[in-house]
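Morning, everyone. Please have a look at the screen, and then we'll walk through a few places together.

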Amino acid sequence: MTARAVIDAPALAANLATLRRAAPRSRVMAVIKADAYGHGAVRAARTLSAADGFAVARLSEARVLREAGIDTRVLLLSGVHAAHEVAEAAALRLDLCVQHDWQLTALQHAPDGAFFDIWLKVDTGMHRLGIEPQFARAAWDRLRTLPCCGELRLMTHLASADDATSPHTHEQLERFCLASAAVGECEHSLVNSAGLLACPQAHAQWVRPGIALYGASPMAHGSGADFGLQPVMSLHSTLIADKTVPAGGRVGYGGHWVAGKATRIGIAAIGYADGYPRHVAPGAPVLVAGQRCEVVGRVSMDLTAIALTHAPSAKVGATVTLWGPGLPPDEVARAAGTIPYTLFTGVTARVPREWTDV
Ligand SMILES: *Cc1c(COP(=O)(O)O)cnc(C)c1O
């Protein structure tokens with residue numbers, strides 16, 4: 001067998017239940033953008049059928065869900081990206097985020113019969129998307145006059161919720177309160193996974209977890225297990241060769257790794273074209289037949305070399321786990337100078353996703 005991503009459906013469902021317990025008074029908008037962070041959006045949506053809604057980042061992602069018969073609320077997180085998308089968004093019965101004046105104008109020209117629940121996004125300090133809080137009331141009033149405007153809600157996004165000591169989160173919450181006071185009573189949504197786990201005071205009516213559903217931690221340290229989350233994706237491949245490299249032998253492109261003494265090396269059928277990062281640090285951890293081993297030399301497109309010093313009995317055909325149970329993606333991400341988000345979304349199309357049943 002070659003490179004494959006095994007997706008543990010029961011773990012995904014269990015993580016949703018864990019997050020619900022962490023935010024017991026909120027409804028959960030499960031974030032399944034980017035093909036459910038590389039796991040597979042349709043299967044993820046079916047597995048997360050207990051969610052109160054789904055959120056995606058592209059109209060095309062919403063279309064895939066509706067074509068698969070998923071009937072739950074689907075929010076387009078940044079709203080439409082061009083005015084011509086309004087008609088399809090209406091046909092797909094999406095909830096829309098409105099984060100800029102031009103989207104308001106586009107909605108004024110929505111086709112007859114279009115009808116949306118709208119989430120007005122205020123920029124409380126991240127300075128990415130959103131209406132300035134002092135203009136929230138004006139935008140709100142304009143939205144309310146539109147025939148296509150259904151229920152209106154207020155949302156924002158926190159920039160530093162992964163850092164519990166950041167003063168910026170408090171500032172953002174204060175600005176949100178101003179906007180909320182200006183528009184009056186409505187439902188709110190402020191937090192992603194980090195805010196859900198670290199800022200209970202900001203849970204409000206709707207939480208928007210992404211990464212935590214997939215079992216990784218949104219924080220800079222630790223792993224999903226710190227919050228009772230289970231790993232969902234395991235990236236596996238197989239040893240397709242082994243050999244003993246003599247002392248002084250160089251391994252891989254550029255010969256960057258040099259054997260200090262005779263070393264048995266295994267070659268795993270996985271590389272950066274599968275999404276295993278080329279820039280993992282020397283000595284990055286992998287499991288070979290369940291034993292922790294180290295990557296040696298440069299990761300190449302289809303192959304990765306591993307020192308078998310700690311798995312002396314591993315042979316050709318042994319399973320290699322790049323991340324999964326026993327090797328949190330959080331730890332692999334740190335070894336690659338990145339975050340679990342990029343590991344998951346970076347797994348490429350040639351890697352089959354094998355779902356286990358709920
Ligand atoms: C992606 C996204 C989320 C989910 O973020 P995680 O860090 O994966 O939990 C929530 N809200 C918005 C607006 C997003 O873009």
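First, a term: contact means heavy atoms within 4.5 Å. And a caution: this is a predicted model.

Ala89 sits in helix α5, residues 85-91. What does Ala89 touch, leaving out residues up to four places away in sequence? The answer is Leu59, Val80, Leu94, Leu96 and Phe116. Is Ala89 buried or exposed? Its relative accessibility is 0%, so Ala89 counts as buried. Ala89 and Leu75 are 14 residues apart in sequence. In space, their C-alpha atoms are 10.0 Å apart.

Next, the strands. Start with β3, residues 53-56. Gly53 and Ala55 point one way from β3, while Phe54 and Val56 point the other way. All of these residues are buried. On to the partners of β3. Strand β2, residues 27-31, pairs with β3 in the parallel sense, over three bridges. Find Met29: Gly53 in β3 stands opposite. Strand β4, residues 74-76, also pairs with β3 in the parallel sense, again over three bridges. There, Phe54 stands opposite Val74 in β4.

Now to helix α6. Gln103 is found here. Gln103 has a relative accessible area of 1%, so Gln103 is buried. What is Gln103 in contact with, apart from its neighbours within four places in sequence? Ser78, Gly79, Val80, Cys97 and Val98.

On to helix α7, residues 136-144. Which residues of α7 are buried? They are Ala136, Ala139, Trp140 and Leu143. An α-helix has 3.6 residues a turn, so residues three or four places apart point the same way. And what covers the buried residues of α7? The cover includes β5 (95-98), α6 (101-108), β6 (116-121), β7 (149-155) and α8 (167-183).

Last, α6 and α7 together. They pack at an angle of about 10°, with their axes 10 Å apart. Angles under 35 degrees count as roughly parallel. That is why α6 and α7 are roughly parallel to each other. Who meets whom? From α6 come Asp101, Leu104, Thr105, Leu107 and Gln108. From α7 come Ala139, Arg142 and Leu143. By class, this contact of α6 with α7 has four nonpolar, two polar and two charged residues.

Definitions and conventions: Residues numbered from 1 in each chain as written. Predicted model: local features only at pLDDT ≥ 70, side-chain atom pairs only at ≥ 80, totals over all residues. Heavy atoms only, no water. Buried < 20%, exposed > 50% of the residue type's maximum accessible area, 1.4 Å probe, protein only. Helix = DSSP H or I, 4+ residues; strand = E, 2+ residues; numbered from the N terminus. Axes fitted to C-alpha atoms, helices over the stretch in contact; angles between N-to-C directions. Parallel < 35°, antiparallel > 145°, perpendicular 65-115°, else oblique. Nonpolar A, V, L, I, M, F, W, Y, C, P; charged D, E, K, R; others polar. Pairing = 2+ DSSP bridges.
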